[in-house]
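Colleague: I've never read a protein model before. Could you take me through one, feature by feature?

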Amino acid sequence: MKRKFLLILLILLTNNILYSKSKEAVFSTASSFIIQKDSISERYINAKKLYENQDYGNSLKSALDILKNENSISNVEKTLVNHLIGNIYYSTRNNLNAIKYYKKTLNILHNPILKENTIKNNFNERFIFAEIYLNYGNVYYRLNSEKGIKKYRDSALYFYNEVSSIKGIDDDKILEVKSRAYSNSSVIYMNDSLYDKAKEFAFKSINIHKKLNNKVNEAGALGNLSSIYLSENNYDEAKKTYFKAIDLIRNVKTSKALEVREGLYYNLSYNLYKLKDYTAYDYQELSYDIKDSLRDHEFRGMITEVTEKYNFDAKKTILLKEEENKRLKAQRTFWVFGIGSFIIIISLLFWLNFYKLRQKNLGLQLSKNLLIQNQNIEKLKSESQVRILNATIDGKESERKDIAETLHDSVSALLSSANLHLQATRSQFKGDHPIEIDKTQEIITEASQKIRDLSHTLVSSVLLKFGLNYAIKDMADKYSNSQIKIETQVGMVRRYHQSFEIKVYNIIQEFVNNVLKHSQAKNATVELKEENGKLCFVISDDGIGFDKHNITSKDGLGLNQIEARIQMMKGRFHINSFTSKGTTIEVDLPILEKENLNHV
């Protein structure tokens with residue numbers, strides 16, 4: 001279940017990359033449907049521009065104002081306005097209102113009078129049908145994801161099927177909508193473990209992109225197909241398909257191609273990790289490098305936009321300033337005398353009042369100073385206790401890491417060397433050799449295994465080699481059993497400073513241990529992502545919950561000690577728990593970047 005959820009998340013992320021740059025194509029309502037501009041009003045065109053600029057509030061207000069005089073506008077414009085309002089609600093995830101206005105649009109489209117105007121105004125009715133059915137399906141898919149109700153899943157598939165039934169094999173825009181419907185259907189079938197159906201629709205999406213000669217979208221669709229193979233544990237076929245997708249856009253330099261390639265590298269790294277191919281780390285680094293370059297490009301674009309706006313505003317400000325100076329020059333003399341007199345009067349009143357209050361406040365100030373001193377003393381005591389606790393934990397973590405590395409790198413190597421010497425000694429005997437040699441080799445082999453296990457117990461080797469991404473998944477795999485299932489939702493996290501990764505891993509491990517020991521839960525989830533320069537994780541379970549005010553430190557790190565550690569890392573810590581209603585723990589930690597390395 002955990003792996004399936006992760007794969008669904010990877011597909012959705014890839015879909016988001018594929019279509020995030022084509023929003024105008026997805027929700028186009030004016031330029032794609034109407035050729036004759038005089039068939040719609042200027043008010044609709046302005047509302048549409050506001051929508052395209054993501055000014056959803058003003059766009060919605062303008063569109064609703066048009067419908068106030070619904071009888072005075074044409075059926076064509078009425079269709080476009082209702083469709084636009086549906087898209088606004090869809091974009092702001094107001095699902096029920098989106099359905100309401102899509103339904104109104106469909107009712108108008110079935111009006112015979114409108115069909116007479118479609119030929120006259122060159123109105124692409126089939127494209128609107130296709131897009132509405134697609135968005136209908138997407139809304140129900142959202143509702144299914146949020147509430148887990150089967151009828152929403154069935155409704156989503158129904159409307160995706162309606163998209164596929166619309167004729168238009170020579171209409172590129174309709175084909176593009178169909179490709180999205182096929183891709184989303186594929187995700188739903190994969191979620192239900194109907195892998196043959198999932199692959200069938202994935203191939204339909206791929207074939208459309210081939211026909212349209214859109215290599216970037218075809219690469220993304222191949223990435224989705226790879227994820228289906230991955231969910232079937234067909235790692236070799238998944239690896240082959242990922243590389244095919246990467247080769248398809250290897251020489252495409254657009255920003256959209258870079259985003260798709262970044263997602264493919266990231267998903268491929270996980271596939272290679274499952275194959276125990278440790279070039280996974282190389283592809284993970286490639287993914288991070290591309291993501292960093294995309295963020296840098298986006299940041300430069302924002303700077304350019306702000307600079308242009310600033311230059312325009314600066315010139316405008318200068319002109320206004322000149323006019324203002326002319327107006328103020330005539331009034332300056334009058335105001336100088338008036339303000340000067342006012343200041344003198346206020347100053348006299350102020351000093352008189354100040355003298356009276358000074359005596360009164362002197363005693364209050366002394367009491368306040370004593371109170372502040374006492375508060376500062378208590379604060380220093382609290383901060384000292386936190387520093388002592390964190391210094392102790394830091395020492396333990398450092399000591400555990402040093403011991404683990406010594407056991408793995410030194411002791412294991414010495415035992416391996418001793419084993420080789422015994423093997424060489426065995427070869428010196430031409431006939432039978434002493435049985436003590438065999439027994440000694442068995443003892444050394446057992447000791448080597450115990451040292452490896454102990455080294456991994458002290459510090460996760462997966463954490464040191466691959467980082468938090470794979471270490472958290474590995475932890476969930478080990479702790480899951482017939483009594484509790486632990487799932488992970490890990491976003492695009494990077495490699496950080498090693499001590500920071502160890503601290504985060506230990507905090508999450510302690511929370512998970514508390515879930516295993518005390519929660520009596522059947523399901524738990526660990527969510528991890530990077531957001532706004534912080535590493536955020538949420539640990540939730542469906543167990544018996546607890547009263548956090550009555551919890552004290554018992555085994556290992558108690559909640560109070562963990563909170564002190566997070567406080568020392570300048571993080572945020574919040575617990576939401578009620579008896580018999582489960583527990584949710586949220587932590588945000590400022591990121592400590594990894595050491596600079598020179599990559600060859």
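Predicted model: local features only at pLDDT ≥ 70, side-chain atom pairs only at ≥ 80, totals over all residues.

Modeller: Let's begin with salt bridges: a salt bridge is a side-chain nitrogen of Lys or Arg within 4 Å of a carboxyl oxygen of Asp or Glu. Side chains of opposite charge can pair when their charged atoms come close. Here, the side chains of Arg 572 and Glu 586 form one, at 3.5 Å from N to O. Arg 572 belongs to strand E4 (residues 572-577) and Glu 586 to strand E5, so this pair ties together parts 14 residues apart in sequence.

Residues are numbered from 1 along each chain as its sequence is written, and side-chain values use heavy atoms, leaving out hydrogens and water.

Colleague: Okay! How many salt bridges does a search of the whole structure find?

Modeller: It finds 17. Some sit inside a helix. An α-helix has 3.6 residues a turn, so residues three or four places apart point the same way. Take Lys 68 and Asp 65, whose closest N and O atoms are 3.3 Å apart. They are 3 residues apart in helix H4 (residues 56-68), which puts about one helical turn between them. Lys 478 and Asp 474 also make a salt bridge, at 3.4 Å from N to O, and these two are 4 residues apart in helix H18 (residues 468-479), again about one helical turn.

Colleague: Is Asp 474 buried or exposed?

Modeller: Here's the scale: buried means under 20% relative accessible area, exposed means over 50%, and partly exposed is in between (1.4 Å probe, protein chains only). Asp 474 has 14% relative accessibility, so it counts as buried.

Colleague: What can I look for in a whole helix?

Modeller: Try its length, then its faces. The expected span is 1.5 Å times one less than the number of residues. Helix H9 (residues 150-165) has 16 residues and should span 22 Å; its end C-alpha atoms are 23 Å apart, which agrees. Seen down the axis of H9, the buried residues fall within an arc of 165°, so they line one face of the helix. That arc is taken from the directions from the helix axis to the C-beta atoms. Among those buried residues are Tyr 152, Leu 157 and Phe 159. On the other side of H9, Lys 150 and Lys 151 are exposed.

Colleague: And what covers the buried residues of H9?

Modeller: The cover includes helix H8 (125-147) and helix H10 (172-191). There's a charged link here too: Lys 150, Arg 153, Asp 154 and Asp 192 are joined in a network of salt bridges.

Colleague: How do I read the strands?

Modeller: Look at who pairs with whom; two strands pair if DSSP finds at least two bridges between them. Strand E2 (residues 523-531) and E3 pair antiparallel over 8 bridges, with Ala 524 partnering Asp 541 in E3. E2 and E3 form a hairpin with 2 residues between them, and Asn 532 in the turn has a positive phi of about 55°. E3 is also joined to strand E5 (residues 583-590) by 8 bridges, again antiparallel. There, Val 538 stands opposite Glu 586, the partner of Arg 572 in that salt bridge.

Colleague: Why is strand E3 described as largely enclosed by the rest of the structure?

Modeller: Because 6 of the 8 residues of E3 (residues 534-541) are buried.

Colleague: Which residues have the most contacts inside the largest nonpolar core?

Modeller: A nonpolar core is a set of buried Ala, Val, Leu, Ile, Met, Phe, Trp, Tyr and Cys residues joined through side-chain atoms within 4.5 Å. In soluble globular proteins, nonpolar side chains tend to be buried together. The largest core here has 122 residues, and the ones with the most contacts inside it are Ile 508, Phe 511, Leu 535 and Phe 537. H8 gives the largest share of this core, 12 residues. Contact means heavy atoms within 4.5 Å; beyond its neighbours within four places in sequence, Leu 535 touches residues including Leu 468, Phe 500 and Val 587.
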